[in-house]
Amino acid sequence: MTTVVSARFKVHEDSWDDYLEAAKLIIPATRQEDGCVHYGIAMDLIEDHVVWFTEEWESEEHLMVHLGQPHVNDFIAKATELQILDAEVKKYTVSEVGTIGV
């Protein structure tokens with residue numbers, strides 16, 4: 001089954017630029033990983049210094065392999081040096097994925 005992660009991080013303004021630079025480095029390597037359907041990071045348009053991670057993986061096993069990758073460990077090590085004010089990470093197991101016509 002598809003696994004989706006939605007994560008919200010509130011970063012102290014003094015750490016914001018360093019956090020964004022570290023986040024940019026994790027994207028290309030992650031998108032090349034086996035089982036990665038989508039991996040994106042976006043800044044919140046309303047709340048200052050908030051970033052959202054959206055991930056879609058072919059399976060939970062693929063996500064677990066991702067979490068052990070060196071580029072992920074490097075990012076986590078860098079993030080622990082910064083001032084993260086709040087974090088919420090949710091994982092969803094999805095039985096069906098479709099599109100929404102607009």
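Phe9 counts as buried, because its relative accessibility is 17% and buried means under 20% relative accessible area, exposed over 50% and partly exposed in between, with a 1.4 Å probe and protein chains only. Keep that in mind for the exercises below.

Some housekeeping: this is a predicted model, where local features need pLDDT of at least 70 and side-chain atom pairs count only at pLDDT 80 or more, while totals for chains, interfaces and linings use all residues. Residues are numbered from 1 along each chain as its sequence is written, and side-chain values use heavy atoms, with hydrogens and water left out.

**Exercise 1.** Work out what kind of aromatic pair Phe9 and Phe53 form, and which strands they sit in.

Solution. Start with the count: the structure holds five aromatic pairs. Rings of Phe, Tyr and Trp (its six-membered ring) pair if their centres lie within 6.5 Å; planes under 30 degrees apart are stacked, over 60 edge-to-face, and the rest tilted. Here the ring centres of Phe9 and Phe53 are 5.4 Å apart with planes at 75°, so the pair is edge-to-face. (Strands are DSSP runs of E, at least two residues, and helices runs of H or I, at least four, numbered from the N terminus.) Finally, Phe53 has 4% relative accessibility, so Phe53 counts as buried.

**Exercise 2.** Find which ring in β2 pairs with Phe53.

Solution. Tyr39 is the partner, edge-to-face, at 6.2 Å centre to centre and 80° between the planes. Tyr39 lies in strand β2 (residues 36-43), 14 residues from Phe53. Tyr39 and Phe53 are both buried. Now zoom out: Phe9, Tyr19, Tyr39, Phe53 and Phe75 form one aromatic cluster.

**Exercise 3.** Describe how helices α1 and α3 pack.

Solution. First the geometry: the axes of α1 (residues 16-31) and α3 (residues 70-80) come within 9 Å and cross at roughly 170°. That makes α1 roughly antiparallel to α3 (over 145 degrees; under 35 is roughly parallel, 65 to 115 roughly perpendicular, the rest oblique). Then the contacts, meaning heavy atoms within 4.5 Å: Tyr19, Ala22, Ala23, Ile26, Ala29 and Thr30 in α1 meet His71, Val72, Phe75, Lys78 and Ala79 in α3.

Methods: Axes fitted to C-alpha atoms, helices over the stretch in contact; angles between N-to-C directions.
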